[in-house]
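This report is meant to be read beside the sequence and the coordinates. Please keep both in view while working through the sections.

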Amino acid sequence: MWTLVVLPEDSSRPLNPRQPVPRPGRRRKPMTAPTPRSDTASKTKKVVLTVLIIVVILGILVTAGYFITKLIQSKYFFCKRSVKFIPIDKACDGKDDCAGGEDEIACLSYYKVNSTFPVRLSSDKFILQVYSGGAGWQSVCGDGWTTQHTQTACTQLGYANKPRSTMVRVDSLASSMRTGPFRAVKPKTTSTPIHQATIARTTCSSGSVVSLTCSDCGQVGSQDRVVGGTDASIEDWPWQVSLQRDGQHKCGGSLVSPRWVVTAAHCFTGCVFTFLSIFPLHFHLRHKAFDSASFSRSYFGLCSSNRALTRWRVVSGRTFISPIGGSYVDRVVLNGDYDAERNDYDIALMRLSSPIRVGESQKPICLPPQPFGLSAGASMVVTGWGYLEENGNVSPSLQKGRIPLISQSKCSSPSIYGSYVTPRMICAGFLEGKVDACQGDSGGPLVHFASSQWNLVGVVSWGVGCARENKPGVYCNVEEMLGWIRTVIEKNP
């Protein structure tokens, strides 16, 4: 009997097929369970939280380091050469406590000018003039004048930023300036100081003299507490700076170049004697109130501690006062004729360790031409962060006040300040009070707008009380100090 056996059909399909090879560009999904979304979010939150904690810790460490540094600087002077700290009171005490007398170098100094600074700009036309011992001030002719001479002259005057010159017809000048004699530049003297590069001339062959515009100083994009004042923006008064000692605002100041600040001498000495006996209860140097009870506590400490430059910073470009940042100071020069008894020659210069970057909120104020020729009643503006009222508090934001110039004869009358007003002082304010500078405004600017620019006319100095009747503010007269300012800047490049 036959048995039928059915054989499997032949097939090319292997009995143990291999896993299919993925085609290029395709991926196989892993044979693992997907991570729940909640676990992923949890891990992300942990990472973010860790980063935030690290940032907070770093912020705390940086802040703590900053304030610790400030505290150390207020108590000690660091001697770099000998790598040691000495008490701050030993710095600038006349004795060498650091190797090489390092602690006696970084101190304020005094400088007295015994000669006339030989170059100036005169009248509202800014005519360049050179001083000659025999002939006095002489205007410089346009004969042979070049752009290189312009740069040299403006640099000599203290601040040059895109300087330019124009020629002014002699016959258009005031009668006192038309007749000469004049000066003219000699050939090949483009880099020689202007007073040395010129020789006498009876007339200008070109019929014109040189007028200079040395920079964009005193120019702002737009346009009063100072007592009775109003809020201000630093962009409108970009030359205003805050002088801070150990992080505390002490005085105001004015940028007159990217590296130099004009302020008051008494900000660094705090010394006054005569006025205390005359006005024992209410005389104010504008950075601090003095009275018969507080004098011994404030004056002696100020006289010794203000001399070390490491304690000072100059904060610029801020509407709201802040202790953060600021420029280091490497030189403070007080007028050598400063008289603490009368507060005469109350002016000082601070040199920043490095220049500020000139911009919308940081820009120098112009030094005025000489003579400026302002008359009583001329409109002035005073700015600062000083007290909002007598014996009040410092303002957190910049303030401005518009006040009129008071004639010298009126201010020195017996009913106001009498003989205590000197030629180095000017007065501004309202005799009925209303608007005035006050404590904390010392060293700050009193400015006047003329010839399309703001000019520094005065430096806040002293007064009896703040905004009192018949007791206006008294300011150091910048026009009288121009020679000293320019000499100090020239000798300390």
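The text below goes from the whole chain to its strands, a helix, its salt bridges and its surface.

This is a predicted model, in which local features need pLDDT of at least 70 and side-chain atom pairs count only at pLDDT 80 or more, while totals for chains, interfaces and linings use all residues. Residues are numbered from 1 along each chain as its sequence is written, and side-chain values use heavy atoms, with hydrogens and water left out.

The secondary structure of the protein chain consists of 9 helices and 25 strands, where helices (H or I, at least four residues) and strands (E, at least two) are DSSP runs numbered from the N terminus. Of its 493 residues, 47% count as buried, a term that stands for under 20% relative accessible area, with exposed for over 50% and partly exposed for the range in between (1.4 Å probe, protein chains only). The accessible surface of the chain is about 25000 Å², and 55% of that belongs to carbon and sulfur atoms; such areas come from the Shrake-Rupley method with a 1.4 Å probe, and for residues only the protein chains shown count as cover.

In a regular strand the side chains alternate between the two faces of the sheet. In strand S4 (residues 119-122), Val119 and Leu121 point one way and Arg120 and Ser122 the other, and all are buried. S4 pairs with strand S5 (residues 127-132) in the antiparallel sense over 4 bridges, pairing being assigned if DSSP finds at least two bridges between two strands. Leu121 has Leu128 in S5 as its bridge partner, and the hairpin formed by S4 and S5 has 4 residues between the strands, with Ser123 in the turn showing a positive phi of about 65°.

Ser211 belongs to strand S10 (residues 208-213) and counts as buried because its relative accessibility is 8%. A polar atom of the Ser211 side chain lies 2.6 Å from the backbone oxygen of Lys125, and one lies 3.5 Å from the backbone oxygen of Phe126. Beyond four places in sequence, the residues that Ser211 touches (heavy atoms within 4.5 Å) include Ile127, Arg164 and Val168.

In helix H2 (residues 147-156), the buried residues include His149, Cys154 and Gln156, and the helix is followed by Gly158, whose phi is positive, near 120°.

Side chains of opposite charge can pair when their charged atoms come close.

| Pair | N to O distance |
|---|---|
| Asp216 and Lys363 | 3.9 Å |
| Arg468 and Glu390 | 2.5 Å |
| Arg311 and Asp246 | 2.2 Å |

Arg311 lies in the loop between helix H7 (295-305) and strand S17 (312-316) and Asp246 in the loop between strand S12 (240-245) and strand S13 (248-255), so this pair ties together parts that are 65 residues apart in sequence. Arg311 is buried at a relative accessible area of 10%, whereas Asp246 is partly exposed at 23%.

On the surface, Leu49, Ile53, Ile54, Ile57, Leu58 and Leu61 form a nonpolar patch with about 570 Å² of accessible area together; patches are made of residues with over 30% relative accessible area and no salt bridge, where like charges are joined within 9 Å and nonpolar side chains (Val, Leu, Ile, Met, Phe, Trp, Tyr) within 5 Å. Leu49 is placed in helix H1 (residues 37-75).

How values were computed:
A salt bridge is a side-chain nitrogen of Lys or Arg within 4 Å of a carboxyl oxygen of Asp or Glu. A polar contact is a pair of N or O atoms within 3.5 Å; within protein, one must be able to donate a hydrogen and the other to accept it, and residues adjacent in sequence count only if both atoms are side-chain atoms.
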